[in-house]
Amino acid sequence: MNNKKNYTTSLTFDDPLLAMQLFGPLESNLKELSQYIDANFSTKGSELFISTNSPKTNENLALLFAKGYEALQKGKHIDFYYLLNTYTAIIENNNNSENETISHSDTLITPRKTITARNNTQKKFLELIREKEMIFATGPAGTGKSYLAVAAAVSMLQSKRVKKIILTRPAVEAGEKLGFLPGDMEEKINPYLRPLYDALGDMLGTAQLIAKQESGQIEVAPLAFMRGRTLNESFLILDEAQNTTREQMKMFLTRLGYGSRAIITGDLTQIDLPPIHVSQLLEGEKKGETRSGLIHALKLLKNIPEIGFIHFKKSDVVRHPLVGQIVDAYEIHDNTEK
């Protein structure tokens with residue numbers, strides 16, 4: 001009989017048929033793996049529960065099943081020997097620091113996919129997420145700031161290192177007034193939160209995302225809904241933070257509770273806040289400046305060692321190559337105007 005396990009990780013797979021193939025006939029793959037690895041496996045439908053005495057073993061096994069599921073999605077046949085050989089390779093890669101191809105520091109495991117840092121800046125970002133309780137990540141569109149932040153949140157929720165994910169962004173009106181948009185308040189703000197939903201759906205699948213929202217494990221809300229709350233054991237993400245006011249930024253930063261983490265992302269070149277009018281000037285401000293809470297926080301908090309700061313450059317863009325060229329063109333135009 002195995003000793004009582006202390007660490008449990010759950011993975012949910014979207015396709016029940018592929019999950020059955022992954023587990024093996026009558027869960028034979030899981031039963032045979034448990035003979036070679038000190039781990040207990042149990043299932044509920046397409047959900048897999050992994051219990052071990054080591055968080056590192058949990059992460060390695062989660063990576064194993066994520067890779068096995070990806071192989072099945074690509075039409076490959078897998079069996080117990082495939083899983084055992086892949087697990088051996090994961091262990092060897094983790095122990096080989098010089099030729100490491102699957103690194104704990106640059107890999108995130110989510111139920112639907114394994115996400116690996118695609119450049120040095122992304123790798124440094126993931127290292128900061130593991131080391132710091134609060135991180136500011138700035139840079140142009142397409143560098144993966146928000147996507148990696150959401151992936152880290154989902155990974156930590158799955159491994160039960162946090163109990164809740166809260167994603168928020170300011171609803172800055174651009175052209176259309178919220179009051180004139182159709183629907184109730186939730187329907188009015190959904191377009192602003194759509195990118196966060198898309199990232200969550202990519203990593204969890206629609207069914208699991210809906211289930212976790214209904215259970216309260218995931219909350220996607222406009223920034224105004226954060227006021228007055230203190231959030232313990234939560235993963236907080238503030239996206240598009242360049243469009244927060246100073247008051248909103250202070251309000252968000254002070255929501256951090258015990259056992260929580262916060263990531264603030266933004267692009268300082270895409271501030272949609274109106275410039276300060278002469279009648280609104282405060283001490284030290286000049287006409288034409290913006291009251292971006294992100295710019296103010298970066299200046300105010302830069303000397304606090306417990307906070308991590310990282311800036312993505314246009315060379316870090318990982319979307320379609322055309323995105324990088326577009327970013328360059330706009331930068332040249334903005335600099336010329338200035």
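Reader: How many bridges join β1 to β3, and do they run parallel or antiparallel?

Author: Strands of a sheet pair through backbone hydrogen bonds, in either a parallel or an antiparallel sense. Here β1 and β3 run antiparallel and are joined by six bridges. Helices (H or I, at least four residues) and strands (E, at least two) are DSSP runs, numbered from the N terminus, and two strands pair if DSSP finds at least two bridges between them. Please note that this is a predicted model, in which local features need pLDDT of at least 70 and side-chain atom pairs count only at pLDDT 80 or more, while totals for chains, interfaces and linings use all residues. Residues are numbered from 1 along each chain as its sequence is written, and side-chain values use heavy atoms, with hydrogens and water left out.

Reader: What is the strand order of the open sheet of three strands?

Author: The order is β1-β3-β2, with antiparallel pairing. The edge strands, each pairing on one side only, are β1 (7-12) and β2 (40-44). On average, neighbouring strands of this sheet are turned by 20 degrees against each other, direction ignored. Axes are lines fitted to C-alpha atoms, for helices over the stretch in contact, and angles run from 0 to 180 degrees between N-to-C directions.

Reader: Which residues stand opposite each other in this sheet?

Author: T8 has S51 in β3 as its bridge partner, and F41 stands opposite I50 in β3. The antiparallel pairing of β2 with β3 (residues 47-52) extends over five bridges. These two strands form a hairpin with two residues between them, and G45 in the turn has a positive phi of about 65 degrees.

Reader: Which helix packs on the sheet?

Author: Helix α3 (residues 55-73) does, touching β1, β2 and β3, and its direction makes about 150 degrees with that of β3. Contact means heavy atoms within 4.5 Å.

Reader: How are the side chains of strand β7 arranged?

Author: In a regular strand the side chains alternate between the two faces of the sheet. From β7, K164, I166 and T168 point one way and I165, L167 and R169 the other way, and all are buried. Because six of the six residues of β7 (residues 164-169) are buried, this strand is largely enclosed by the rest of the structure. It runs parallel to β9 (residues 234-238), with five bridges, and parallel to β8 (residues 218-222), also with five bridges. T168 has L238 in β9 as its bridge partner, and I165 has I218 in β8.

Reader: How do α9 and α10 cross?

Author: Two packed helices are described by the angle between their axes and the distance between the axes. The axes of α9 (residues 246-253) and α10 (residues 293-301) come within 8 Å and cross at roughly 60 degrees. The two helices are therefore oblique to each other; angles under 35 degrees count as roughly parallel, over 145 as roughly antiparallel, 65 to 115 as roughly perpendicular and the rest as oblique. R246, M249 and L253 of α9 make the contact with G293, L294, H296, A297 and L301 of α10.

Reader: Which residues of α10 are buried?

Author: They are G293, L294, A297 and L301. Seen down the axis of α10, its buried residues fall within an arc of 95 degrees, so they line one face of the helix. The arc is that of the directions from the helix axis to the C-beta atoms. The buried residues of α10 pack against β6 (134-138), α9, β10 (261-266) and β11 (307-311).

Definitions and conventions. Buried < 20%, exposed > 50% of the residue type's maximum accessible area, 1.4 Å probe, protein only.
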